[in-house]
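Please look at the sequence and the model first.

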Amino acid sequence: MNKREQILNATLKLIVQKGIESTPMSEIAKAADTGMGAIYNYFPNKESLVNELYFYLKTKESSIIAEGYDKSLSVKQRFVYLWKKMITYFLSEPLDFMFLEQFYYSPAIDPKAKHHGSLYLKDLDEVYLDGQKQQLMKDGDVKEWIGFTSGSLVSLVKLHHSNYIALKEVTIDNYIQAAWDAVKN
């Protein structure tokens with residue numbers, strides 16, 4: 001792991017533990033086993049560091065979810081594939097998931113950064129648009145439908161990580177089917 005990755009990794013762990021606002025740069029430097037100067041060589045300020053971590057994780061998420069993705073599958077098959085990959089990623093990488101959730105809902109983060117990060121999952125937009133075009137999915141704003149679907153499925157991941165439920169593959173499959181049933185025509 002290079003110095004930049006050490007800094008990003010330390011930032012991820014600390015922000016998940018303490019929150020964005022309660023994580024000073026000095027603590028990140030200590031956790032990354034580096035000096036403040038090294039951090040500022042890579043990132044001019046904390047906002048830049050946090051935004052870079054967000055984009056790094058969104059890129060990671062996108063590449064994991066896109067791996068093995070076949071655009072020639074039916075709309076429903078693509079819907080199931082993408083949501084299952086996303087849930088599997090969030091279950092296997094709890095720190096990534098918790099950071100992304102914190103970042104997205106933090107009022108301290110620039111809305112432009114959030115919007116830019118959402119562009120990494122354009123395949124999901126295409127599934128909903130194709131579904132609407134083929135009259136397989138309900139009409140309406142695609143972002144709203146993705147938010148609707150995401151809300152229920154991401155809540156399951158939150159419940160799992162808080163040890164309230166233990167998600168099994170069959171449970172995940174059942175809830176993805178329920179999400180499909182909610183958005184299909």
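E61 and K58 lie 3 residues apart in helix α4 (residues 46-66), so about one helical turn separates them. Helices here (H or I, at least four residues) and strands (E, at least two) are DSSP runs numbered from the N terminus. An α-helix has 3.6 residues a turn, so residues three or four places apart point the same way. E61 and K58 form a salt bridge whose closest N and O atoms are 2.8 Å apart; the term means a side-chain nitrogen of Lys or Arg within 4 Å of a carboxyl oxygen of Asp or Glu. E61 is buried at 1% relative accessible area, and K58 is buried at 11%. Buried stands for under 20% relative accessible area, exposed for over 50%, and partly exposed for values in between (1.4 Å probe, protein chains only).

This is a predicted model, in which local features need pLDDT of at least 70 and side-chain atom pairs count only at pLDDT 80 or more, while totals for chains, interfaces and linings use all residues. Residues are numbered from 1 along each chain as its sequence is written, and side-chain values use heavy atoms, with hydrogens and water left out.

| Pair | Closest N and O atoms |
|---|---|
| E61 and K58 | 2.8 Å |
| K60 and D96 | 2.8 Å |
| R78 and D130 | 3.1 Å |

K60 in helix α4 pairs with D96 in helix α6, and so ties together parts that are 36 residues apart in sequence. K60 is partly exposed at 24%, whereas D96 is buried at 2%. K60 and D96 also belong, with E93, to a network of salt bridges.

Helix α6 (residues 94-105) has 12 residues and spans 17 Å from its first C-alpha to its last, close to the expected 16 Å. That expected span is 1.5 Å times one less than the number of residues. Buried residues in α6 include D96, F97 and F99.

R78 belongs to helix α5 (residues 75-92) and D130 to helix α8 (residues 122-133), so their bridge ties together parts that are 52 residues apart in sequence. R78 is buried at 4%, while D130 is partly exposed at 23%.

What is the secondary structure of the chain? It comes to 10 helices and 0 strands. Of its 185 residues, 41% count as buried. The C-alpha atoms fill a box of roughly 55 × 35 × 30 Å along the principal axes.
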